[in-house]
Amino acid sequence: MASSSKPVFVLVPGAAQNPSHYAYVQHLLLSQGYGVLSALLPTVGAMAPVTAEDDAEFIRSRMLLPVLDLEKHDVIMISHSYSGMPASAAARGLGKADRAAEGKKTSVLGQIFIASMLPRGGDGKDAVAAFGGQMPPHIQADEAENLIKCADPIPPLYQDVSPILADASVLSCISHGLTAFKSPCPAATWDAEAFKGRCAYIRTLNDRAVPYEAQNMILQATGQEWITKDIETGHCPQLAAPEKLSSIILELAKHFEAM
């Protein structure tokens, strides 16, 4: 394909979400000349035992490497909520310094996390352990179907989204596989040397699913220095304030591109 000087955003949806939940943000990024790739994670709708590691491998082999190695474009990765865990793991060895050492010209320039969980991983612990040993109160585990469910997603996820859009967003959700949260978290890369100064976290100030205070605790627990940005929305800024979110993402992208 024809080369471009701009990177491609690889956008990894959160739990139970699909690319349509991020469609307008993707359009806004495309309108600024950036490529965008998104896909449905294997654990979404998975009643079979599909793991967090399976998600990480999918992100790496089907989302990151095709852009880096086949199309020869740099990548900036965006993850949201649950997907911060498998997405960061998927980037192992794909940082700019890592790839340069292998004689490769494309790389993951940066990682952008939106209200994400950030387990260090690689220690055998699962996502439930990262939540403190129990699921957040709005999530119910259906052991029989091996799914996590939310009786009413609007209050925790879409409280600041217009009613029509909120209803349509709920209609578009697909229950997430429970195994994703009860299987070991793969090792993250936000603490890797190649990504030092290349990881950003967007905090959602009015979040009812992952409260702002919890997000700060998540960041502090990493022991890393982060680029942080704040947005006055609930858990889904891509729906509540897509223009503002895309503006923040573009600002971060320019920073990563200049490094």
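Author: One term comes first: a residue is called buried when its relative accessible area is under 20%. Please also keep in mind that this is a predicted model.

Reader: Okay, then which residues are buried in α11?
Author: With that cut-off, the buried residues of α11 are Pro242, Leu245, Ser246, Ile248, Ile249, Leu250, Leu252, Ala253 and Phe256. The helix itself covers residues 242–258, and its 17 residues reach 24 Å from the first C-alpha to the last, close to the 24 Å expected.

Reader: And how far does α2 reach from its first C-alpha to its last?
Author: Helix α2, residues 52–70, reaches 25 Å with its 19 residues, which is close to the expected 27 Å. There is a kink of about 40° in α2 at Leu64, shortly before the proline Pro66, and both Leu64 and Pro66 are among the buried residues of this helix, together with others including Ile59 and Met63.

Reader: What sits at the start of α2, and what comes just after it?
Author: At the start, a side-chain oxygen of Thr51 comes to within 3.3 Å of the backbone nitrogen of Glu53, while just after the helix Lys72 takes a positive phi of about 60°.

Reader: Switching to strands, what is the order in the open sheet?
Author: The order is β5-β6-β7, three strands with antiparallel pairing, and the edge strands, each pairing on one side only, are β5 (140–142) and β7 (176–177).

Reader: How many bridges join β5 and β6?
Author: These two strands pair over 3 bridges in the antiparallel sense, with β6 spanning residues 147–149, and Gln140 stands opposite Lys149 in β6.

Definitions and conventions. Residues numbered from 1 in each chain as written. Predicted model: local features only at pLDDT ≥ 70, side-chain atom pairs only at ≥ 80, totals over all residues. Heavy atoms only, no water. Pairing = 2+ DSSP bridges. Helix = DSSP H or I, 4+ residues; strand = E, 2+ residues; numbered from the N terminus. Expected span 1.5 Å × (residues − 1). Bend = angle between axes of the 7 residues up to and from the residue. Buried < 20%, exposed > 50% of the residue type's maximum accessible area, 1.4 Å probe, protein only. Polar contact = N/O pair within 3.5 Å; in protein donor to acceptor, adjacent residues only side chain to side chain.
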